[in-house]
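The sequence and structure come first.

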Amino acid sequence: MGKHLKYLFFSFILMNIQTYISQLISLRDIAPDLLLIWLVYIAIKEGQLTGTIWGFIIGLMFDLSTGSFTGLAAMSKTIAGFTAGYFFDENRAHLILGSYRFVLIVLFVSLIHNTIYFIILTRGSEIGLLKAIFQIGLATNFYTSAVALLPMLVFGRKYIS
């Protein structure tokens with residue numbers, strides 16, 4: 001139970017950073033998805049079921065805090081947590097978190113997350129799906145993956161060396 005309270009606490013902090021402070025580090029309105037990096041961390045460390053449940057919780061918290069399309073982030077992050085859970089390996093979680101594989105997993109999961117998110121978001125809007133995926137989605141994928149280098153370096157230094 002203690003680790004879930006820790007996950008809730010850090011999710012709340014990262015959600016506030018994502019909502020209010022990420023505009024400071026955004027490049028041309030493209031901001032890294034800090035909650036997705038956190039979700040991939042949880043899924044790699046705890047497994048697919050936990051990643052799926054926390055994907056829903058984190059996505060719903062984000063939806064409710066931003067007041068945007070309610071349920072869209074919850075669904076896309078649930079699928080992202082489920083997908084990231086495929087990379088769970090109980091015996092090698094720290095090795096995965098401290099290596100380039102973590103960044104590649106974040107890139108892959110971010111691609112799936114953003115594709116699902118933009119397929120639904122662009123329905124009935126003036127923004128084209130391909131434009132949303134290639135101009136916003138891919139830029140967000142690479143920016144999120146670049147930011148995922150920071151926790152990878154921390155884990156690499158903490159657990160591997």
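Which helix gives the most to the lining of the largest pocket? α6 does, with five residues. The model is predicted, so local features need pLDDT of at least 70 and side-chain atom pairs count only at pLDDT 80 or more, while totals for chains, interfaces and linings use all residues. Residues are numbered from 1 along each chain as its sequence is written, and side-chain values use heavy atoms, with hydrogens and water left out.

**Pockets**

A pocket is an open set of points on a 1 Å grid over the protein atoms alone, where a 1.4 Å probe fits, with protein on both sides within 12 Å along at least five of seven lines; its lining residues have an atom within 4 Å of a point. Volume is the space filled by probe spheres set on the points, which are joined across faces, edges and corners. Helices are DSSP runs (H or I, at least four residues) numbered from the N terminus. In the class counts, Ala, Val, Leu, Ile, Met, Phe, Trp, Tyr, Cys and Pro are nonpolar, Asp, Glu, Lys and Arg charged, and the others, Gly among them, polar.

| Pocket | Volume | Lining by class |
|---|---|---|
| Largest | about 610 Å³ | twelve nonpolar, eleven polar, three charged |

The largest pocket has 26 lining residues, and Gln-18, Ala-31, Phe-62, Tyr-117 and Phe-118 lie nearest its centre. At least two lining residues come from each of α1 (2-21), α3 (48-66), α4 (72-84), α6 (100-121) and α7 (129-147).

In the second largest pocket, α2 gives the most to the lining, with four residues. α1, α2 (34-46) and α8 (149-160) each supply at least two. Its lining includes Lys-6, Trp-38, Phe-102 and Phe-155.

**Cores**

A nonpolar core is a set of buried (under 20% relative accessible area, 1.4 Å probe, protein chains only) Ala, Val, Leu, Ile, Met, Phe, Trp, Tyr and Cys residues joined through side-chain atoms within 4.5 Å. The largest has 35 residues, and Val-40, Ile-44 and Phe-102 have the most contacts inside it. α2 gives the most to this core, with eleven residues. A second, separate core of five residues includes Leu-72, Tyr-117, Phe-118 and Ile-133.

Phe-102 touches (heavy atoms within 4.5 Å) residues including Ile-37, Val-40, Ile-96, Ala-148 and Met-152, with residues up to four places away in sequence not counted.

**Ser-99**

Ser-99 sits in the loop between α5 and α6. Ser-99 is buried, at 12% relative accessible area. Its side chain reaches the backbone oxygen of Leu-95 at 3.1 Å.

Methods. Buried < 20%, exposed > 50% of the residue type's maximum accessible area, 1.4 Å probe, protein only. Polar contact = N/O pair within 3.5 Å; in protein donor to acceptor, adjacent residues only side chain to side chain.
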